Amino acid sequence: MYAPKTDDGAAKRETPGPAATGENAIWRPCPDVPEDLVGRSAPGMRYECASIAVPQDWANPSGSGTFEIALLRARSSRQQARVGSLVVNPGGPGGSGIDTAVYLSFGAAFGGLPDEITDRFDIVGFDPRGVSRSSPVECISDADLDATFGADPDPDTEAEFDAVEAINKRVGDGCGAEYGDKLRYFSTEQAARDMDAVRDAVGDEKLTYLGYSYGTLLGATYAQLFPNKIRALVLDGAVDPGQDMVAGSESQAKGFERAFTNFTNWCTQAGGRCPIGPDARGAVTDSLEKARVSPVRGRDGREATAGWVFYAVISSLYTEQGWQDLAKAIDDLQSGDPSGVFELADRYAERDGSGRYTNFFDANLAVNCADSTAKPTLAQIRSYQSQWRAKYPLFGAALAVGMLPCAYWPGERDPYPTGAAKGAPPIVVVGTTGDPATPYEQTAKLADMLGVGVVLTWEGEGHTAYPQTECVTKAVDRYLIDLEVPQAGLRCPR
């Protein structure tokens, strides 16, 4: 699960350090990428790929070796009055910007970007260092990931907690053995400096950027390091960089609990669309308890343990459309069919039908743990587990236990800076009131920290807002194209 960040790097550097290398990208056609992802290219879209080399350590560019950063550019045949490139990042950390650029290129009818944007911008995705096609971090076995996701999310006995602790120690030891001192190079600040090399590679004097979730933290870090190289930044699903690991984890517990309550309220009014109503919370809680004692076995022999049920719930709360999927999955589970639970959980875990994982969570841990110097002790984690279970019954204990991985992560840390983006133009920070993963309260905090942030609110559900709703879409489009800043305090209805 995404782990919020720490503010330990607040006064780390006074100067931005090395900038981009000035290396322009050499592009080649790559229609195979959308073919592999969705089976075809979007109508009227041309896809080109490139890669650039960046220093592993921007503080020591000549003595640290290089990473390869993979890029994809989607360009519409209808493009006219071109503004430049719109660089995108989906978050995670661990999400592929290349995949995201492909999906966004398919237009509003498929949940992608409006024609108004694709007609004026190249859509450029990059996989951050350590992610997917960009010198990927690969150090966690499929078996250990299965064990992690399948484990009880609230291990309340000593034996259960020791078992989860052992998995995390094994993962940390394995990644340390594989990468050693290089683990700190996967930090957010290093990736933000890579992003300036991406800007330079696509030939833009200033960056236009759309970042979701963790991508807002990446964008905020860029804004502090390179405030004079920004044309427009949209940060959707804000992460508060000022939170330490404990505060961030509790914030997520509160956010998921609130989103789950919104789901249960929907269930009471949804009739046949929610077969586990009217007491949806009771149905989910009962399913978790039964899974702890007698998990249902799927056709492939995998057992739908409490862990898999829990991650099915987590997965479904990222979009309001997922609510009906969750209701059906729990109803089917109660009837002895766990396939819906596995489908939802596997979607979150990025696990395919043969039990293979992407490197999403390898990269997720590498980035989160490199960023954070603060790590609670095991005794503190156990204490938070008990406290948060009482405050956030379904998610609190699991989010406390979710702090274990970085407690066992080896290597030095490289925390990102926090502070104002002095000299930057207005930056649009978008928040969704029902967001589970980056709770709405973080929106104003990120905007205030940057000093130039302008808050745009969607009174909706799910994780991130643009371009899901007309009001938000129009405001963001005007900002990206014409640099027209949304009215301060603008709130968009559902």
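A disulfide here is a pair of cysteine sulfur atoms within 2.5 Å, and the structure holds five disulfides. Welcome to a short tour of three of them, with a look at one helix along the way. The model is predicted, so local features need pLDDT of at least 70, side-chain atom pairs count only at pLDDT 80 or more, and totals for chains, interfaces and linings use all residues. Residues are numbered from 1 along each chain as its sequence is written, and side-chain values use heavy atoms, with hydrogens and water left out.

**Overall pattern**

- With bonded cysteines counted along the chain, the disulfides follow the pattern 1-2, 3-4, 5-6, 7-8, 9-10.

**C30 and C49**

- C30 is joined to C49 by a disulfide, with an S to S distance of 2.1 Å.
- This pair links distant parts of the chain, 19 residues apart: C30 lies in the loop between β1 (28-29) and α1 (32-38), and C49 in strand β2 (residues 45-55).
- Helices (H or I, at least four residues) and strands (E, at least two) are DSSP runs, numbered from the N terminus.
- The torsion about the S-S bond of C30 and C49 is about 80°, which means that the disulfide is right-handed.
- C30 has a relative accessible area of 1% and is therefore buried; C49, at 6%, also counts as buried.
- Buried means under 20% relative accessible area, exposed over 50%, and partly exposed in between (1.4 Å probe, protein chains only).

**C267 and C274**

- The sulfur atoms of C267 and C274 are 1.9 Å apart and form a disulfide.
- Its S-S torsion is about 75°, so the C267 and C274 disulfide is right-handed.
- Both of these cysteines, C267 and C274, are buried.

**C471 and C492**

- C471 and C492 are joined by a disulfide with an S to S distance of 2.0 Å.
- Distant parts of the chain are linked by this pair: C471 sits in helix α18 (residues 470-482) and C492 in strand β12 (residues 491-492), 21 residues apart.
- The disulfide of C471 and C492 is left-handed because the torsion about its S-S bond is about -60°.
- C471 is partly exposed at a relative accessible area of 28%, while C492 is buried at 0%.

- α18 has 13 residues and reaches 18 Å from its first C-alpha to its last, close to the 18 Å expected at 1.5 Å a residue.
- That expected span is 1.5 Å times one less than the number of residues in the helix.
- Buried residues in α18 include V472, T473, A475, V476, D477, Y479, L480 and I481.
- L483 follows α18 and has a positive phi, near 60°.
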